[in-house]
Amino acid sequence: MDQLLENHQLPKNQEEIYRNHWRTIQESVKIWRFKDVYHFPLFGNEDVFTIVKGVINKYSHGIKMNVAFGFILRDRTSDEIKFFHPSNNSAMFSIPRQIMKPEDTKNLEEDLEKIDILEYVRTQRPSSNWTVEKVICVRLDIYKL
């Protein structure tokens, strides 16, 4: 964790969020029989589709996929900050996207390019009193077919 802070020079007010929620933010994968869950940190210069495509390429059979983001929220009144966890309850797609052939991957890429991630996460905040300060991680849920 300390190496991460050194490499990315996080704002002081966000360091506690990263420390307290590092288990969610850090790159990780959980493999189960029917579902896998990937987490990747985002520091501002990553292309989300490159991450998505890297995960898709690990599977030689059809999958379904959904994407969710973790982000830092700031209260407009108190200036308090908190972490919004990525979960299947805050996934981008109402139904996981099926990836069976290369055209499905291309369609997913086009759809992700159309979505303004910051605007999307704004729709996930608990109320308009909270503003999105920064998107800090992405979660990919993979359902094996």
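This briefing describes the helices, nonpolar cores and charged residues of one protein model. The model is a predicted one, and every value below was computed from it. Its largest nonpolar core has 30 residues, a second, separate core has 11, and the count of salt bridges comes to 11.

**Nonpolar cores**

- Within the largest nonpolar core, which holds 30 residues, the members that touch the most other members are V52, V55, M65, F69, L108, V138 and L140.
- At least two residues of this core come from each of β2 (35-41), α4 (48-56), β3 (63-75), α5 (102-114), α6 (117-122) and β6 (130-144).
- When neighbours within four places in sequence are left aside, L108 is in contact with F49, V52, I56, M65, F93, R97 and I99.
- As general background, nonpolar side chains in soluble globular proteins tend to be buried together.

**Helix α2**

- In helix α2, which spans residues 12-20, the buried residues are Q14, E15, I17 and Y18.
- Viewed down the axis of α2, these buried residues fall within an arc of 165°, so they line one face of the helix.
- The other side of α2 carries K12, E16 and N20, which are exposed.
- A network of salt bridges links K12, E15 and R19, and this network joins the exposed K12 to the buried E15.

**Helix α4 and residue I51**

- The buried residues of α4 are V48, F49, I51, V52, V55 and I56.
- Around the axis they cover an arc of only 155°, which puts them on the same side of α4.
- These buried residues of α4 pack against β2, β3, β5 (97-99), α5, α6 and β6.
- I51, which lies in helix α4, counts as buried because its relative accessible area is 16%, and buried means under 20%.
- Beyond its neighbours within four places in sequence, I51 is in contact with F40, L42, E46, V138 and L140.
- I51 and Q124 are 73 residues apart in sequence, and their C-alpha atoms are 22 Å apart in space.

- The side chain of D75 instead reaches two backbone nitrogens, that of T77 at 2.7 Å and that of S78 at 2.7 Å.
- Not counting residues up to four places away in sequence, D75 touches E80, N129 and W130.
- D79 is found in the loop between β3 and β4 (81-84), and its phi is near 70°, a positive value in a residue other than glycine.
- With a relative accessibility of 48%, D79 counts as partly exposed.

**Salt bridges and their surroundings**

- As a general point, side chains of opposite charge can pair when their charged atoms come close.
- The side chains of R139 and D141 meet in a salt bridge with an N to O distance of 2.7 Å; R139 is buried at a relative accessible area of 14%, and D141 is buried at 3%.
- D141 is found in strand β6, and apart from its neighbours within four places in sequence this residue is in contact with K35, D36, V37, K64, M65, N66 and N88.
- D104 forms a salt bridge with K101, and the closest N and O atoms of the pair are 3.7 Å apart.
- Within that pair, D104 counts as buried at 13% relative accessibility, while K101 counts as partly exposed at 44%.
- D111 forms a salt bridge with K114, the closest N and O atoms being 4.0 Å apart, and both residues lie in helix α5, 3 residues apart, about one turn of the helix.
- An α-helix has 3.6 residues a turn, so residues three or four places apart point the same way.
- D111 counts as partly exposed at 22% relative accessibility, whereas K114 counts as exposed at 67%.

Conventions. Residues are numbered from 1 along each chain as its sequence is written. This is a predicted model: local features need pLDDT of at least 70, side-chain atom pairs count only at pLDDT 80 or more; totals for chains, interfaces and linings use all residues. Side-chain values use heavy atoms; hydrogens and water are left out. Buried means under 20% relative accessible area, exposed over 50%, partly exposed in between (1.4 Å probe, protein chains only). Helices (H or I, at least four residues) and strands (E, at least two) are DSSP runs, numbered from the N terminus. The arc is that of the directions from the helix axis to the C-beta atoms. A nonpolar core is a set of buried Ala, Val, Leu, Ile, Met, Phe, Trp, Tyr and Cys residues joined through side-chain atoms within 4.5 Å. Contact means heavy atoms within 4.5 Å. A polar contact is a pair of N or O atoms within 3.5 Å; within protein, one must be able to donate a hydrogen and the other to accept it, and residues adjacent in sequence count only if both atoms are side-chain atoms.
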